[in-house]
Amino acid sequence: MKAKYMSPLTFSTILPDEGLKKAVSIKRSEILAEISASKIKGRGGAGFPTGTKWNLAAAAKDTTKFIVCNADEGEPGTFKDRIILMDHADLVFEGMTIAARAVGSKEGILYLRGEYTYLLSHLETILQKRRDNKLLGDAILGVEGFQFDIRIHMGSGAYICGEETALIESIEGNRGEPRNRPPYPVDTGLKRHPTVVNNVETFAWCACIIGNGAEWFLKHGTAVSTGLKLFSISGDVERPGVYEFPWGITVSEVLEKCGGRNAKAVQIGGASGYCIPRSQFDRKIAYEDISTGGSIIVFGPDRDMLKVAKNFLEFFVEESCGQCTPCRDGNPVILDGIERLEKGTCSITYLNELRALSETMQVASKCGLGQTSTNAFLSILEHFKDECMGRGRE
Amino acid sequence: MLVSENETLKNNIIKWAEELGKDRTILLPLLQRVQKKYSSISPYAMQIIADLLDIHPVEVYSVVSFYSFLNDEPKGRFVIRLCRTISCEMSGRDRIARQLQNELGIAFGETTPDSRFTLEWTNCMGMCDLGPAMMVNDVVFTEMTPEKAHEIVERCRQTFSAFALQNKQEG
Ligand SMILES: Cc1cc2nc3c(=O)[nH]c(=O)nc-3n(C[C@H](O)[C@H](O)[C@H](O)COP(=O)(O)O)c2cc1C
Ligand code: SF4
Ligand code: FES
């Protein structure tokens with residue numbers, strides 16, 4: 001499904017398999033050094049330095065290692081991976097193959113969300129072409145001993161499986177319940193072997209970095225947040241779709257590009273991200289200011305922000321895996337609180353209790369879902385207090 | 001009659017398991033195949049799978065119950081899932097929801113008496129730029145309007161193959 005609107009993407013200008021050809025002509029340590037030098041951070045949301053991750057996996061002493069591409073893309077408001085998989089899947093597979101070369105892995109898995117089943121045959125065709133062209137399989141590009149293949153594993157409708165340890169559990173045939181971290185997947189991952197889990201976009205950029213060099217990548221972005229990033233923009237804008245911007249762009253610049261100038265607020269980072277009011281539209285989108293996996297949802301002047309918070313909480317109540325108490329029992333309490341605010345039956349004392357509960361959930365939950373599920377509620381409450389308080393009961 | 005149905009189910013599961021390989025990691029792909037072919041995963045199917053993988057049937061059940069696209073209760077032949085998450089809510093989800101309910105005469109979470117349709121909510125499907133979005137089985141529909149909802153339901157009522165074909169072209 002094509003994006004409603006799409007800005008030109010750098011991925012379209014990249015020569016096919018330039019990165020992979022380069023990767024087989026240099027030492028493994030040089031691949032790792034190049035990725036580290038680019039300072040690229042994970043594009044899936046958490047922003048962990050990819051070079052560090054690959055180095056740890058490369059250093060692990062195990063003959064079996066896995067490369068896993070996270071294509072579970074379930075964060076509300078995110079759809080850029082769908083576009084990358086449709087238009088630039090070769091680049092993603094190339095990035096995975098380079099990762100395999102760098103860390104010493106023979107087996108790759110793309111975990112594709114069930115909702116993207118319609119992409120499956122397209123992706124299988126591309127994988128087969130790559131096998132036919134000696135870009136996957138035995139002796140890749142004629143290099144003796146360079147053996148790697150990729151298979152696709154389908155998800156079955158569970159947002160939590162995007163969390164890397166839940167994703168691994170799911171591949172292993174279990175309920176998608178996150179594990180305790182540490183140990184991290186680079187150390188103890190799939191079938192307890194070292195496993196690199198990266199986002200779709202991360203792998204695609206890594207292929208570009210090896211092809212064009214870290215210097216090329218460093219030309220864009222800020223000192224901390226290097227390179228370009230794909231954003232998924234939806235909501236009250238004239239041109240919703242996928243956009244490529246350098247890190248460090250301000251919220252108002254983004255709104256200018258997509259036709260959302262009169263927005264009253266923007267949710268950055270999806271349901272687990274933060275709500276930014278108009279007064280802060282000069283802030284930068286970057287790991288050091290407002291960090292995001294790329295989801296930008298724009299709210300026009302007439303949107304009811306409490307209703308927005310309610311929608312997000314309904315999402316988390318539904319998607320919590322139920323494994324730990326703060327998240328399983330906390331989210332419904334927050335949702336009930338929002339409903340009370342809606343009806344105008346929430347005292348300030350109770351609201352303060354909800355705030356305290358949110359803080360407990362942030363520290364006591366086992367995984368990112370429970371740790372971030374109240375961000376939107378708290379930031380909406382902070383910035384749109386007048387809208388949230390003293391409602392209903394006419 | 002029932003015996004032979006169970007017999008073919010069993011044979012299918014054994015055949016698929018052999019294709020997939022026999023360790024635990026095939027559980028999800030195997031369940032997905034059963035789900036696709038039989039539109040639910042019966043206790044009998046779970047027992048066969050448990051025996052094959054040498055695990056307890058309860059463990060199979062716990063996996064089936066975890067994933068929203070797997071179910072042990074039979075559902076309609078067409079499972080319609082409408083996205084209820086924020087971007088689709090803002091682009092008119094409620095109008096589509098009302099229209100679907102009117103067309104089918106059932107509420108969300110229900111199956112029509114003729115077992116043809118099940119209507120459900122789902123969460124963000126990654127089509128937020130093209131909302132409101134929904135799925136019918138594996139097929140995704142975007143930029144929904146009430147008229148389109150009516151047409152899709154009608155097409156499902158006619159024949160499945162024609163319906164599937166038409167969507168390939170759209171996609
Ligand atoms: C609840 C939850 C859902 C997540 N969903 C995704 C997802 O859909 N796609 C993704 O790439 N990362 C997702 N992540 C982040 C992954 O755990 C992991 O950090 C990421 O795949 C690592 O890849 P990266 O470093 O390239 O970003 C999710 C995390 C949490 C806590
Ligand atoms: S925080 Fe929520 S989603 Fe994460 S492990 Fe706990 S219950 Fe599951
Ligand atoms: S909000 Fe409906 S597809 Fe994302």
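Begin in chain B by selecting strand S1 (residues 78–83) and S2, which pair in the parallel sense over six bridges; strands are DSSP runs of E of at least two residues, helices runs of H or I of at least four, both numbered from the N terminus, and two strands pair if DSSP finds at least two bridges between them. This is a predicted model, where local features need pLDDT of at least 70, side-chain atom pairs count only at pLDDT 80 or more, and totals for chains, interfaces and linings use all residues. Residues are numbered from 1 along each chain as its sequence is written, chains are lettered from A and ligands numbered from 1 in the order in which they are written, and side-chain values use heavy atoms, without hydrogens and water.

Next, click Cys83(B): its bridge partner in S2(B) is Thr122(B). Colour S2(B), residues 117–122, and you have a mostly covered strand, with five of its six residues buried (under 20% relative accessible area with a 1.4 Å probe, protein chains only; exposed is over 50%, partly exposed in between).

Now look to the other partner of S1(B): strand S3(B), residues 134–136, pairs with S1(B) in the antiparallel sense over three bridges. Here Leu82(B) stands opposite Met134(B).

Show the whole open sheet of chain B: four strands in the order S2-S1-S3-S4, with mixed pairing. S2 and S4 (139–141) are the edge strands, each pairing on one side only.
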